[in-house]
Amino acid sequence: MDDEAMMRRALALAAGSAGGPFGAVVARGGEVLGEGANHVVPGRDPTAHAEVVAIRAACARLGTHDLSGATLYTSCEPCPMCLGAAWWARIGAIAYGNGHAEAAAIGFDDSAVYEEMRRPLEARRIPMRRLLAAEAWEGFRAWKARADHVMY
């Protein structure tokens with residue numbers, strides 16, 4: 001399938017979604033690796049955005065966390081969480097239909113999240129504080145020292 005066919009599949013998934021008007025496809029070399037529709041409400045999972053569902057499906061199918069060279073086709077410009085998921089999955093490119101403004105126009109406004117991320121930790125709406133840093137570091141140190149640790 002070509003780019004337009006992949007995007008049309010993402011749009012069809014969005015149109016049929018019970019969880020919100022979002023659909024996504026992960027593909028590489030014209031082959032669909034994973035797809036998904038928004039499943040937040042029916043799945044009672046705030047992380048079940050279409051892009052995350054599609055990335056999880058692709059990773060499960062391939063048996064890896066690394067989707068290098070794949071393209072994420074999504075009905076809407078990814079939110080910060082979905083962009084982070086694409087980043088950590090090493091997605092090579094993203095193609096999207098609607099942008100931030102269109103999502104905001106129907107009630108899905110990510111601007112507060114982007115604004116929050118620019119604030120210093122002490123000024124954020126969700127209070128954050130560091131706790132047991134030395135003990136936490138020991139866990140990191142022990143993991144890095146393991147011969148079988150895998151970077152991602």
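Q: Which residue does R8 meet in a salt bridge?
A: That would be E4: the side chains of R8 and E4 come together with 3.7 Å from N to O. Keep in mind that this is a predicted model.

Q: Where do R8 and E4 lie?
A: Both are in helix 1 (residues 3-15), four residues apart, which is about one turn of the helix.

Q: And are R8 and E4 buried or exposed?
A: Both of them are exposed.

Q: What about R9, which residue does it form a salt bridge with?
A: R9 forms one with E35, and their closest N and O atoms are 2.6 Å apart. This pair links distant parts of the chain, since R9 sits in helix 1 and E35 in strand 2, 26 residues apart.

Q: How exposed is R9?
A: R9 is partly exposed, with a relative accessible area of 32%. E35 is partly exposed too, at 30%.

Q: How many salt bridges does the structure hold?
A: Nine. Another one of them joins D148 to R146, with the closest N and O atoms 2.8 Å apart. There is also a network: salt bridges that share partners join E115, E116, R119 and R125.

Q: Let's switch to strands. How do strand 1 and strand 2 run?
A: They run antiparallel, and six bridges join strand 1 (residues 23-28) to strand 2 (residues 31-37). For example, R28 has E31 in strand 2 as its bridge partner.

Q: What's in the turn of that hairpin?
A: There are two residues between the strands, and G29 takes a positive phi near 60°.

Q: Okay, aromatics now. How many aromatic pairs are there?
A: A search of the whole structure finds three. One of them is W88 with Y152, an edge-to-face pair at 5.7 Å centre to centre and 65° between the planes.

Q: Which parts does the pair of W88 and Y152 tie together?
A: W88 is in helix 4 (residues 80-88) and Y152 is in the segment after helix 7 (133-145), so the pair ties together parts that are 64 residues apart in sequence. Y152 counts as exposed, at 56% relative accessibility.

Q: Which residue pairs with W137?
A: F140 does, also edge-to-face, with 6.2 Å centre to centre and 65° between the planes. Both lie in helix 7, three residues apart, and both are exposed.

Q: Last one: which residues form the nonpolar patch on the surface?
A: L83, I94 and Y96, with about 260 Å² of accessible area together. Y96 is in strand 4 (residues 93-98) and is partly exposed, with a relative accessible area of 42%.

Conventions: Residues numbered from 1 in each chain as written. Predicted model: local features only at pLDDT ≥ 70, side-chain atom pairs only at ≥ 80, totals over all residues. Heavy atoms only, no water. Phe/Tyr/Trp six-rings, centres within 6.5 Å; stacked < 30°, edge-to-face > 60°. Buried < 20%, exposed > 50% of the residue type's maximum accessible area, 1.4 Å probe, protein only. Patch = residues over 30% accessible without salt bridge, like charges linked within 9 Å, V, L, I, M, F, W, Y side chains within 5 Å. Areas by Shrake-Rupley, 256 points an atom, 1.4 Å probe, with all protein chains shown as cover. Salt bridge = Lys/Arg side-chain N within 4 Å of Asp/Glu carboxyl O. Pairing = 2+ DSSP bridges.
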